[in-house]
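Try each task yourself before you read its solution.

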Amino acid sequence: QVQLVESGGGLVQSGGSLRLSCAASGFRFSIYVMSWYRQAPGKERELVARFTSTGGSTNYADSVKGRFIISRDNAKNTVYLQMNSLKPEDTAVYYCNARHRDFASNFWGKGTLVTVSS
């Protein structure tokens with residue numbers, strides 16, 4: 001059974017940090033391209049950070065460049081999102097996404113809520 005389970009969300013003050021984790025199971029993690037998305041209240045889901053392939057290249061939304069870092073540990077089947085210098089506008093539900101490198105399948109987690117207070 002495929003599962004993506006996000007954790008690490010919570011309430012943090014502006015300027016603070018959080019580290020999100022996404023634990024994957026039920027599929028061959030190393031051949032999936034991993035990404036983080038977020039959806040703020042009343043807004044569409046948007047890409048935050050992603051690996052461009054199953055290798056190490058990454059890219060980020062302009063709004064989080066220099067503050068967020070995506071990383072993965074294939075031995076632990078886990079992808080991370082280190083979020084620093086958080087702002088109230090970062091408040092959203094953060095979702096983990098796994099896409100097969102050949103676009104054969106695509107999975108989503110249920111999300112974890114991040115709330116940044118001013």
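This is a predicted model: local features need pLDDT of at least 70, side-chain atom pairs count only at pLDDT 80 or more; totals for chains, interfaces and linings use all residues.

**Exercise 1. Find the disulfide and work out its handedness.**

Step 1: Start with the count, which is one disulfide in the structure.

Step 2: Check the sulfur atoms. Those of Cys22 and Cys96 sit 2.2 Å apart, and the cut-off for a disulfide is 2.5 Å, so this pair qualifies.

Step 3: Look at the torsion about the S-S bond. For Cys22 and Cys96 the value is about -80°, so the disulfide is left-handed.

**Exercise 2. Which parts of the chain does the Cys22 and Cys96 pair tie together, and is Cys22 buried or exposed?**

Step 1: Place each cysteine. Cys22 belongs to strand S3 (residues 18-25), while Cys96 belongs to strand S9 (residues 92-100).

Step 2: Turn to accessibility, where buried means under 20%. Cys22 has a relative accessible area of 0%, so this residue is buried. Cys96 is also at 0%, and counts as buried too.

**Exercise 3. Which residues form salt bridges with Asp90, and where do they lie in the chain?**

Step 1: Take Arg38. Asp90 makes a salt bridge with Arg38, with 2.9 Å between the closest N and O atoms. Asp90 is in the loop between strand S8 (78-83) and S9, Arg38 is in strand S4 (residues 32-39), and the two are 52 residues apart.

Step 2: Take Arg67. Its side chain meets that of Asp90 in a salt bridge of 2.7 Å, N to O. Arg67 lies in the loop between strand S6 (58-60) and strand S7 (68-73), so this pair ties together parts that are 23 residues apart in sequence.

Step 3: Zoom out. Through shared partners, salt bridges join Arg38, Glu46, Arg67 and Asp90 into one network.

Step 4: Asp90, at 1% relative accessibility, counts as buried. Arg38 is buried at 6%, and Arg67 is buried at 10%.

**Exercise 4. How many salt bridges are there, and are Lys65 and Asp62 buried or exposed?**

Step 1: The total comes to four salt bridges.

Step 2: One of them pairs Lys65 with Asp62, whose closest N and O atoms are 3.1 Å apart.

Step 3: For accessibility, the exposed label needs over 50%. Both Lys65 and Asp62 are exposed.

Conventions
Residues are numbered from 1 along each chain as its sequence is written. Side-chain values use heavy atoms; hydrogens and water are left out. Helices (H or I, at least four residues) and strands (E, at least two) are DSSP runs, numbered from the N terminus. Buried means under 20% relative accessible area, exposed over 50%, partly exposed in between (1.4 Å probe, protein chains only).
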